[in-house]
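I opened this entry to record what I looked up, element by element. My notes follow the structure below.

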Amino acid sequence: EYHYTRESESSDQIPNGVISKFPILESGEWEDTGMPNRDFAWARIDLPGKRDLWAISVHFSAKRPDVRQAEALELVRRIQA
């Protein structure tokens with residue numbers, strides 16, 4: 001048995017997702033402004049015990065280091081918010 005979530009927008013060519021053997025309590029996606037064909041998919045996973053795990057599925061730009069760095073900074077900003 002497993003649980004999963006994935007990007008909801010069907011126009012993304014490379015949808016991100018999260019798969020877990022533990023229940024997913026919340027999930028969603030954040031826009032990846034550096035890559036028009038995919039977003040960041042996130043999930044809050046109910047691990048045994050008092051703490052949950054927050055997982056984020058990403059595929060940073062493979063060809064452009066400047067875009068990859070901007071994507072990473074955007075992801076850090078969203079996590080901190």
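**Overall layout**

I counted the elements and found one helix and five strands in the protein. I am working with a predicted model. From the N terminus on, I read the order as β-β-β-β-β-α. I took the extent of the C-alpha trace next, and along its principal axes it spans about 40 × 25 × 20 Å. I then checked burial: of the 81 residues, 28% are buried.

**The sheet**

Which strands form the open sheet, and in what order? I found three strands, ordered β3-β4-β5, with antiparallel pairing. β3 and β5 stand at the edges with a single partner strand each, so one side of each has no neighbour in the sheet. On average, neighbouring strands here are turned by 20 degrees against each other, direction ignored.

I went through the pairings one by one. Strand β3 covers residues 24–31 and pairs with β4 over seven bridges, antiparallel. In that pairing I noted Glu29 opposite Ala41 of β4, and Ser27 opposite Ala43 of β4. On the other pairing, β4 meets strand β5 (residues 53–57) over five bridges, again antiparallel. There I found Arg44 with Trp54 of β5 as its bridge partner.

How many residues of β4 are buried? I got six of the seven in residues 39–45, so I logged the strand as mostly covered.

**Salt bridges**

My count came to five salt bridges. I started with Arg44 and Glu26, whose closest N and O atoms are 2.8 Å apart. This pair links distant parts of the chain, with Arg44 in strand β4 and Glu26 in strand β3, 18 residues apart. Glu26 has 35% relative accessibility, so I marked it partly exposed. I also found that Glu26, Arg44 and Asp52 are linked in a network of salt bridges.

Next I looked at Arg64 and Asp66, which form a salt bridge with the closest N and O atoms 2.7 Å apart. Arg64 is partly exposed, with a relative accessible area of 44%. Asp66 is also partly exposed, at 45% relative accessibility.

Then I turned to helix α1, residues 65–80. The side chains of Arg78 and Glu74 meet there in a salt bridge, 2.9 Å from N to O. Why are Arg78 and Glu74 separated by about one helical turn? Because they are four residues apart in the helix. I checked whether each side of this pair is covered. The cut-off for buried is under 20% relative accessible area. Glu74, at 16%, therefore counts as buried. Arg78, at 21%, counts as partly exposed.

**Aromatic pairs**

I found four aromatic pairs in the structure. For Tyr2 and Tyr4, the ring centres are 6.2 Å apart and the planes are at 40 degrees, so I logged the pair as tilted. Which tryptophans do ring pairs link into a cluster? They are Trp30, Trp42 and Trp54.

**A nonpolar patch on the surface**

I went back to the two tyrosines. Are Tyr2 and Tyr4 buried or exposed? Both are exposed. With Ile19, they form a nonpolar patch on the surface, and together the three have about 430 Å² of accessible area. I placed Ile19 in strand β2, residues 17–20. Its relative accessibility is 67%, so Ile19 counts as exposed.

Methods. Residues numbered from 1 in each chain as written. Predicted model: local features only at pLDDT ≥ 70, side-chain atom pairs only at ≥ 80, totals over all residues. Heavy atoms only, no water. Patch = residues over 30% accessible without salt bridge, like charges linked within 9 Å, V, L, I, M, F, W, Y side chains within 5 Å. Areas by Shrake-Rupley, 256 points an atom, 1.4 Å probe, with all protein chains shown as cover. Salt bridge = Lys/Arg side-chain N within 4 Å of Asp/Glu carboxyl O. Helix = DSSP H or I, 4+ residues; strand = E, 2+ residues; numbered from the N terminus. Buried < 20%, exposed > 50% of the residue type's maximum accessible area, 1.4 Å probe, protein only. Phe/Tyr/Trp six-rings, centres within 6.5 Å; stacked < 30°, edge-to-face > 60°. Pairing = 2+ DSSP bridges. Axes fitted to C-alpha atoms, helices over the stretch in contact; angles between N-to-C directions.
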